[in-house]
Amino acid sequence: MLIELDDGYSFGLGLFETILLYKGKPVFLDEHLARINKSIVDLGLNIDKLEKNEVFQYLNNNNKNTFEYEVLKIVLSEKNRLFLKREYIYTEKDYQKGFSLNISKVRRNESSIFTFHKTLNYGDNILEKRKSKKLGYDEPIFLNSKNQITEGATSNIFVVVEDKIYTPKLSCGLLNGIVRQYIVSNYDVIESEIDLEFLNNADEIFLTNSLFGIMPVNNLEKKVFKSQKISKEIFSHYKKYLGNI
């Protein structure tokens, strides 16, 4: 694979999308395309718009050994357009156990435009995820400069209190995830500023991203959440949605 050096690979001024393939079909493809193309405009990048036919051309040429779940990663920069398929790693055990979370010491910068776009400036996410894994956790949660909850390293976070669903406002400093958009559009979700005390007093927490969909949370450091009722109900509906694609 030949990569040409440009601002994307020199300075992180590139974009990527990670898309779930279900039985070979890209899930939420229109939403992924809309997000990456909006980022091209918002960031003023010299990158051609990503078209749907490019995605299907790659998939049609790489459709051997299709599993039920796979991952498609698309990376765009000024001189490079990469399409890569890889193995899906999440298992039924992950959902049964639920994720274990910790609070990162790194703060999200809610004043930076890069916080709101899926760019190649992804070092904080990867390094903090690796640190959490070494400590025995599955995902770190970031606070912003005002000590408000924002998001996970690779996920958005939802908090359930007395059967009401809350999630941080976008203005707190987070990526508007594709499955986050799905949840906000289909359920009564209160977007608000959430502090650590509110998080620790939650009845239930779940995470979302494009690959695992909806992931229940078992614990936040020493705090164990006994309920996974809402997250499992939403995940059940989400799986039915996938089945109808």
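A polar contact is a pair of N or O atoms within 3.5 Å; within protein, one atom must be able to donate a hydrogen and the other to accept it. The views below come from a predicted model.

**View 1. The side chains of His-117 and Ser-39 form a polar contact.** The two side chains are 2.7 Å apart at this contact. His-117 sits in the loop that runs between strand E5 (99-108) and helix H5 (123-134). With a relative accessibility of 11%, His-117 counts as buried. Apart from neighbours within four places in sequence, the residues in contact with His-117 are Ser-39, Asp-42, Leu-43 and Leu-175.

**View 2. Tyr-238 belongs to the largest nonpolar core.** This core has 44 residues, and Leu-101, Leu-207 and Tyr-238 are those with the most contacts inside it. When residues up to four places away in sequence are not counted, Tyr-238 touches Leu-20, Val-27, Phe-28, Val-179, Tyr-182, Ser-210, Gly-213 and Ile-214. In soluble globular proteins, nonpolar side chains tend to be buried together.

**View 3. Met-1, Ile-3, Leu-5 and Tyr-9 make a nonpolar surface patch.** The area of the patch is about 440 Å². Leu-5 belongs to the segment that precedes helix H1 (7-11). Leu-5 has 61% relative accessibility and therefore counts as exposed, the limit for that class being over 50%.

**View 4. A salt bridge joins the side chains of Arg-108 and Glu-151.** The N to O distance is 2.7 Å. Arg-108 is in strand E5 and Glu-151 in strand E7 (residues 149-152), so the pair links distant parts of the chain, 43 residues apart. Both Arg-108 and Glu-151 are buried. The structure holds 11 salt bridges, including this one.

**View 5. Lys-129 forms a salt bridge with Glu-139.** The closest N and O atoms of the pair are 2.5 Å apart. Glu-139 and Lys-129 are both buried; for Lys-129 the relative accessible area is 15%. Residues up to four places away in sequence aside, Lys-129 touches Asp-138, Glu-139, Pro-140, Ala-153 and Thr-154. Ser-145 is 16 residues from Lys-129 in sequence, and their C-alpha atoms are 20 Å apart in space.

**View 6. Glu-191 and Arg-180 meet through their side chains in a salt bridge.** The distance from N to O is 2.8 Å. Glu-191 is in strand E10 (residues 189-192) and Arg-180 in helix H6 (residues 178-186), and the pair links distant parts of the chain, 11 residues apart. Glu-191, at 34% relative accessibility, counts as partly exposed. Arg-180 has a relative accessible area of 2% and is buried.

**View 7. Leu-143 is a buried residue of strand E6.** Its relative accessibility is 4%. Not counting residues up to four places away in sequence, Leu-143 touches Ile-103, Val-106, Arg-107, Arg-108, Gln-148, Ile-149 and Thr-150. Leu-143 and Ile-234 are separated by 91 residues in sequence and by 25 Å in space, C-alpha to C-alpha.

**View 8. Asp-163 has a positive phi and is not a glycine.** The phi value is near 65 degrees. Asp-163 is part of the loop between strand E8 (156-161) and strand E9 (164-168). Its relative accessible area is 51%, and Asp-163 is exposed.

**View 9. Glu-221 also has a positive phi without being a glycine.** Here phi is about 50 degrees. The loop that holds Glu-221 lies between strand E12 (213-220) and strand E13 (223-224). Glu-221 counts as partly exposed, at 36% relative accessibility.

Terms used: Residues are numbered from 1 along each chain as its sequence is written. This is a predicted model: local features need pLDDT of at least 70, side-chain atom pairs count only at pLDDT 80 or more; totals for chains, interfaces and linings use all residues. Side-chain values use heavy atoms; hydrogens and water are left out. A nonpolar core is a set of buried Ala, Val, Leu, Ile, Met, Phe, Trp, Tyr and Cys residues joined through side-chain atoms within 4.5 Å. Buried means under 20% relative accessible area, exposed over 50%, partly exposed in between (1.4 Å probe, protein chains only). Contact means heavy atoms within 4.5 Å. Patches are made of residues with over 30% relative accessible area and no salt bridge: like charges are joined within 9 Å, nonpolar side chains (Val, Leu, Ile, Met, Phe, Trp, Tyr) within 5 Å. Accessible areas come from the Shrake-Rupley method with a 1.4 Å probe; for residues, only the protein chains shown count as cover. A salt bridge is a side-chain nitrogen of Lys or Arg within 4 Å of a carboxyl oxygen of Asp or Glu. Helices (H or I, at least four residues) and strands (E, at least two) are DSSP runs, numbered from the N terminus.
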